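Subject: Structure handover

Hello,

Please find the structure below. My notes on it follow.

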Amino acid sequence: MNYENYKTELRNGICEMTFTKKDGTLREMVCTLSMNHIPEDKKPSGTSAGSTGSVIAVWDVRKEEWRSFRIDSVITFERLTGHGVKDKDEHDASRQQLPI
């Protein structure tokens with residue numbers, strides 16, 4: 001997957017991934033860019049300063065903090081949910097989980 005594919009999947013729901021950290025250790029993370037899952041006081045304002053063409057800043061659902069990863073370090077990546085349970089219309093066909 002490329003940068004835009006990761007960003008699209010992360011915007012569309014919660015994702016689980018494994019990647020190699022800079023120190024060489026493996027890290028598993030459940031993360032998202034879906035505003036439905038980011039607390040109001042933690043939502044980004046304005047530009048996505050934490051993301052570049054090779055690094056993506058994401059909301060870590062478990063740690064409840066912003067984290068980032070390099071796309072070239074990703075080992076596994078899977079979207080777990082659609083847009084999220086907080087959406088008003090959960091049955092909207094455009095929000096169904098699609099295979100990656």
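Burial first: a residue is called buried under 20% relative accessible area, exposed over 50% and partly exposed in between, with a 1.4 Å probe and protein chains only. By that cut-off, buried residues make up 35% of the 100 residues in the protein.

On provenance, this is a predicted model, so local features need pLDDT of at least 70 and side-chain atom pairs count only at pLDDT 80 or more, while totals for chains, interfaces and linings use all residues. Residues are numbered from 1 along each chain as its sequence is written, and side-chain values use heavy atoms, with hydrogens and water left out.

Overall layout. The protein has one helix and five strands, in the order α-β-β-β-β-β from the N terminus. Helices (H or I, at least four residues) and strands (E, at least two) are DSSP runs, numbered from the N terminus. With contact defined as heavy atoms within 4.5 Å, residues 24 or more positions apart account for 56% of the contacts that have a separation of 6 or more.

The helix. α1 spans residues 3-11, and its buried residues are Tyr 3, Tyr 6, Lys 7, Glu 9 and Leu 10. They sit on the same side of α1, because they cover an arc of only 165° around the axis; the arc is taken over the directions from the helix axis to the C-beta atoms. Their cover includes β1 (14-20), β2 (26-32), β3 (55-60), β4 (65-70) and β5 (74-79). At the N-terminal end, Asn 2 caps α1, with a side-chain oxygen 3.1 Å from the backbone nitrogen of Glu 4.

The core. A nonpolar core here is a set of buried Ala, Val, Leu, Ile, Met, Phe, Trp, Tyr and Cys residues joined through side-chain atoms within 4.5 Å. The largest one has 14 residues, and those with the most contacts inside it are Leu 10, Met 17, Met 29, Ile 56, Val 58, Phe 69 and Phe 77. At least two residues of this core come from each of α1, β1, β2, β3 and β5. Beyond its neighbours within four places in sequence, Val 58 is in contact with Leu 10, Met 29, Cys 31, Thr 32, Leu 33, Glu 65, Trp 66, Arg 67 and Phe 69.

Aromatic rings. Rings of Phe, Tyr and Trp (its six-membered ring) pair if their centres lie within 6.5 Å; planes under 30 degrees apart count as stacked, over 60 as edge-to-face and the rest as tilted. The structure holds four such pairs. Phe 19 and Phe 69 form a tilted one, 6.1 Å centre to centre with 40° between the planes. This pair links distant parts of the chain, Phe 19 being in strand β1 and Phe 69 in strand β4, 50 residues apart. Phe 19 is buried at 6% relative accessible area, and Phe 69 is buried at 2%. Trp 59 and Trp 66 form an edge-to-face pair, 5.6 Å centre to centre with 75° between the planes. Trp 59 is buried at 2%, whereas Trp 66 is partly exposed at 32%. Ring pairs also link Tyr 6, Phe 19, Phe 69 and Phe 77 into a cluster.

Cysteines. A disulfide is a pair of cysteine sulfur atoms within 2.5 Å, and the structure holds zero of them. The sulfur of Cys 15 has its closest cysteine sulfur in Cys 31, 6.0 Å away, which is too far for a bond. Cys 15 is buried at 0% relative accessibility, and Cys 31 is buried with a relative accessible area of 0%.

Regards

Definitions and conventions:
A polar contact is a pair of N or O atoms within 3.5 Å; within protein, one must be able to donate a hydrogen and the other to accept it, and residues adjacent in sequence count only if both atoms are side-chain atoms.
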